[in-house]
Amino acid sequence: MVLDIDKISKRYKDKIAINRFSVSLHPGVYGLLGPNGAGKTTLMRIVCGLTRPDSGSIFYGGKSIHDLGEQYRKILGYLPQNFGYYPNFTVQRYMEYIASLKGLNRNFSKRKISELLEIVGLQKAPKAKISSLSGGMRQRLGIAQSMLNDPDVLILDEPTVGLDPTERVKFRNLISTISQGKITILSTHIVSDVSYIADDILLVQHGELQYFGDVQQLTTAVEGKVWEVLVENQQANKIAQDYMVSNMHHTSQGAILRIISDHKPFQQAKAITPTLEDAYLFHTGERGGEL
Amino acid sequence: MKDNQSFYDFISAYPIVKAKDCVKQDTIKKAVELLSQQTKYVGAKQNFVLNQFKSISKVFWFIQFICFLLFLVNFTTTQRLKDIQILFLTIVPVMTFYILPELFKTQFYNMEEIEAACFFSPFKTLAVKMTLVSSCNFLIIGIMSLAFGIYHQLDILELLCRGLIPFNISIALTIIVFDFIKVTSPYAMLSISAFLTLALIQMRNFSFLLDNTWLGVYFGSVLLMLLAIGIMVIQFKHMEERCYGA
């Protein structure tokens, strides 16, 4: 099945959140990248049917998701950025509650819940209160709830925010495992997360699709445009104002700057292999070096 | 006797290859999985209603229990119709006190987004929740009317209608507040609910509720409740226009 996003636009008062956004998504993991306020969450909410676009439509399998209604929600899994829970809920109770809202019967949900809790590593904590769980465990529970109905479309909004590096690695592996055969859209502004698990990248800025393609292509586009140079520590901030600096490392010998520029910024600068982060900064025009 | 020979000849013409046990197990497992996928939505509505029922907070049940206790304490001492009506006007608003916080719970605890992306729409969830809590109140009012009617030889239907007057008004006000007031703090919600309850208890001082005009007041309260439900349905229709999920 294909998820077609067709020229959708959304405006909040005088701010354009999404502007004629079009893309066709086949099963695979898509990393939705963009700076804060780029329109990622609005896009995700529209895809989930929580917000209606001012113009344009979304089609799933050739049918408008508006017309599909609950049939679309049947195949949808969603993990919002900040998901809530009732304070008295235990892990098991929460899963049972969401399963019932997803229209699943008792027997199926019982089996599915234990299966999912095992996948996300919460099989030993079904009776634990959600409020007592760590941030990582809570996020894993969020993922588990989104998977209850075996969704064909899985939307994860900033799932790795607030997780420590170990939890993030675990989480990335988990998403990679569960997203097989599904259309998974993963919104984040942590570029490294996307580079590890996404098949394709959707780069959004000012509500528009800046780039759609694989990670390799995106980094290829900035090949020969990323430079490394050693400068005096005092000069570093001045250079960061004039150039796009993706990394600044102060050492006793001076500051090692990673500069993104169409031309060689300094005589002593040497071209280096670009990373996804460099490509991201290049396309969004954000200046990593500025404070 | 039936001649089954031709049938046996026919099936023996297509010998079945004996499969290994692990292959059989695998086939059975796949069939079970397929069957469970096909039947996973059977009985979903019952499960949905049951879970909504289970998610009603303990505070609500505690209040119902207290109200019932209040009724039991006053049961034998309250004899006159006027006094029963006063008792109804005191107990019923208290009974409906926690409906509003119960309905707003989804918003307080940030469950809105996840719930709205689920199969059962927020409107259905709200309707079921409302029906469950109202049914519980209605049941208690029914028991009270029945008990008073039998014990004091009074018209049970009249008692039920008199009991439903504060109930209908309370439900109507609850829906109106739910539709028009955006509350994000549980404490603010409890305050509003407490204020409404106290205001409703003051109906005890309205003499027209206690004399013969009660039937008119009853129908008025039914109309008010229907109006409030109508407004809520329209509000949700508007919400449906704004997003697919509702």
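By buried I mean under 20% relative accessible area, with exposed over 50% and partly exposed in between, using a 1.4 Å probe and protein chains only. This is a predicted model, where local features need pLDDT of at least 70, side-chain atom pairs count only at pLDDT 80 or more, and totals for chains, interfaces and linings use all residues. Residues are numbered from 1 along each chain as its sequence is written, chains are lettered from A and ligands numbered from 1 in the order written, and side-chain values use heavy atoms, without hydrogens and water.

Helices here are DSSP runs of H or I with at least four residues, strands are E runs of at least two, and both are numbered from the N terminus. Helix H5 of chain B covers residues 81-95. Its buried residues include Ile84(B), Phe88(B) and Met95(B). They pack against helices H4, H8, H9 and H10 of chain B, contact being heavy atoms within 4.5 Å.

Now the salt bridges, each a side-chain nitrogen of Lys or Arg within 4 Å of a carboxyl oxygen of Asp or Glu. Asp83(B) pairs with Arg80(B) at 3.1 Å, N to O; Asp83(B) is partly exposed at 26%, and Arg80(B) is exposed at 53%.

Which residue does Asp193(A) bridge to? The partner is Arg172(A), with the closest N and O atoms 3.0 Å apart. That pair links distant parts of the chain, helix H8 and helix H7 of chain A, 21 residues apart. Asp193(A) is buried at 1%, and Arg172(A) is buried at 10%.

Terms used. Expected span 1.5 Å × (residues − 1).
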